[in-house]
Amino acid sequence: MSEAPTTAAPLLACRNVTRRFGALVAVNDLSFEVNANEILGIGGPNGAGKTTLFDVISGFVQADEGAVLHRGEDISRMQPHEVCHHGLGRTFQLNANFGTLSVYENVLAAAQFGRHRSILASASFDPRARETAWELLELVGLQDLHDHEASNLPVVDRKRMMIASALATRPDCLLMDEPVGGLNAREIEEMLGLVRRIRDGGTAIILIEHVMRFLVSLSDRVLIMHHGERLFLGKPGEMAHDEKVAEVYLGKKAAQRIREFVGEGT
Ligand SMILES: Nc1ncnc2c1ncn2[C@@H]1O[C@H](COP(=O)(O)OP(=O)(O)OP(=O)(O)O)[C@@H](O)[C@H]1O
Ligand SMILES: [Mg+2]
């Protein structure tokens with residue numbers, strides 16, 4: 001979205017968000033904020049509620065309690081396409097694309113339909129949408145595969161395509177759910193560079209990831225969830241010193257490795 005924030009409000013704020021599935025409280029009274037241009041990393045054990053939190057923010061499920069504010073406006077009751085048009089993009093933990101369309105057509109569809117507040121039936125694609133799609137294929141390094149069918153792509157390229165499609169909606173905040181799950185070391189390194197380029201282009205990012213080096217390298221702050229609650233929120237270096245995080249999620253050895261990685265051997 002091109003409009004500047006109209007207030008001094010944080011770009012995105014979750015205020016006391018709770019989401020239940022029957023007796024299970026998947027997200028429990030969770031509050032945090034994300035500032036413009038920030039990368040917030042989210043970690044935590046399997047089942048901690050990370051993806052459910054993304055589902056709430058992006059309108060796929062509704063919060064039972066609390067509110068999600070984007071640029072100061074309550075988006076909690078919006079449908080997913082309305083949240084998208086409001087300027088929040090999302091990639092998914094599992095595959096989400098049009099399998100029988102080409103790579104270019106996938107990104108073009110997002111550029112055409114994901115940017116505008118009203119979806120008008122049109123006989124042809126907007127030239128600006130075509131331009132955006134090509135620019136983004138270049139950004140993610142998929143221009144040579146533009147005519148390949150999406151379902152035939154390797155995992156890493158499907159993830160790249162999903163990112164290009166999300167960016168084609170021109171978000172000011174991008175939610176990424178496990179962007180390097182299943183990738184090898186070289187692919188993870190490339191994805192790291194891509195995420196940095198996206199942020200440098202002016203998009204804030206909320207990143208869920210279990211690969212801690214990736215999360216720690218990129219994140220300005222880290223939120224660790226456990227049983228739907230906020231276990232820790234702070235800088236990556238502080239997280240590696242937090243006893244609760246070591247006990248519940250990282251383990252002592254991994255916490256030590258992260259301290260060494262961020263340059264604090266103690
Ligand atoms: N639609 C649903 N119906 C019922 N329970 C659900 C639903 N979606 C998620 N849950 C439950 O909510 C809890 C949180 O799940 P969620 O997928 O948000 O965890 P996660 O932190 O993303 O885990 P992972 O790291 O494994 O991806 C889990 O116990 C899960 O089984
Ligand atoms: Mg998940």
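How many bridges join strand 7 to strand 8? Select residues 173-177 for strand 7 and residues 204-208 for strand 8. The two strands run parallel, and 5 bridges join them. Keep in mind that this is a predicted model.

**Stop 1: across strand 7**

Stay on strand 7. Pick methionine 176. Its bridge partner in strand 8 is leucine 207. Now pick leucine 174. Opposite it in strand 8 stands isoleucine 205.

Turn to the other neighbour, strand 6. Strand 6 and strand 7 are joined by 4 bridges and run parallel. Click on glycine 89. It stands opposite leucine 174 of strand 7.

Is strand 7 mostly covered or mostly open? It is mostly covered: 5 of its 5 residues are buried. Show the side chains. Cys173, Leu175 and Asp177 point one way. Leu174 and Met176 point the other way. In a regular strand the side chains alternate between the two faces of the sheet. On strand 7, the residues pointing either way are all buried.

**Stop 2**

**Stop 2**

**Stop 3: ligand 1**

Centre the view on ligand 1. Which residues are around it? They are Phe21, Leu24, Ala26, Gly44, Asn46, Gly47, Ala48, Gly49, Lys50, Thr51, Thr52 and Gln93. Strand 2 (24-34) and helix 1 are the elements that give two or more residues to this shell. The largest share, 3 residues, comes from helix 1. Colour the shell by class. You get 4 nonpolar, 7 polar and 1 charged residues.

**Stop 4: valine 25**

Move to valine 25, in strand 2. Valine 25 is partly exposed, because its count is 17 other C-beta atoms within 10 Å. Being buried would take 20 or more, and being exposed 12 or fewer.

Leave out residues up to four places away in sequence. Valine 25 then touches Thr18, Arg20 and Gly228. Draw a distance from valine 25 to alanine 48, C-alpha to C-alpha. They are 23 residues apart in sequence and 9.9 Å apart in space.

**Stop 5: two domains**

Finally, colour by domain. Domain 1 covers 1-87 + 173-266, and domain 2 covers 95-170, according to the domain assignment. Their centres, taken over C-alpha atoms, are separated by 24 Å. The contact takes 11 residues from domain 1 and 12 residues from domain 2.

Look at the side of domain 1 that touches domain 2. Helix 2 (80-86) and helix 6 (185-200) each supply at least two of its residues. Which helix gives the most to this side? Helix 6 does, with 4 residues. By class, this side of domain 1 divides into 7 nonpolar, 2 polar and 2 charged residues.

Key:
Residues numbered from 1 in each chain as written. Chains lettered and ligands numbered in written order. Predicted model: local features only at pLDDT ≥ 70, side-chain atom pairs only at ≥ 80, totals over all residues. Pairing = 2+ DSSP bridges. Near = placed C-beta within 6 Å. Nonpolar A, V, L, I, M, F, W, Y, C, P; charged D, E, K, R; others polar. Domains from an automatic or database assignment. Contact = placed C-beta atoms within 7 Å.
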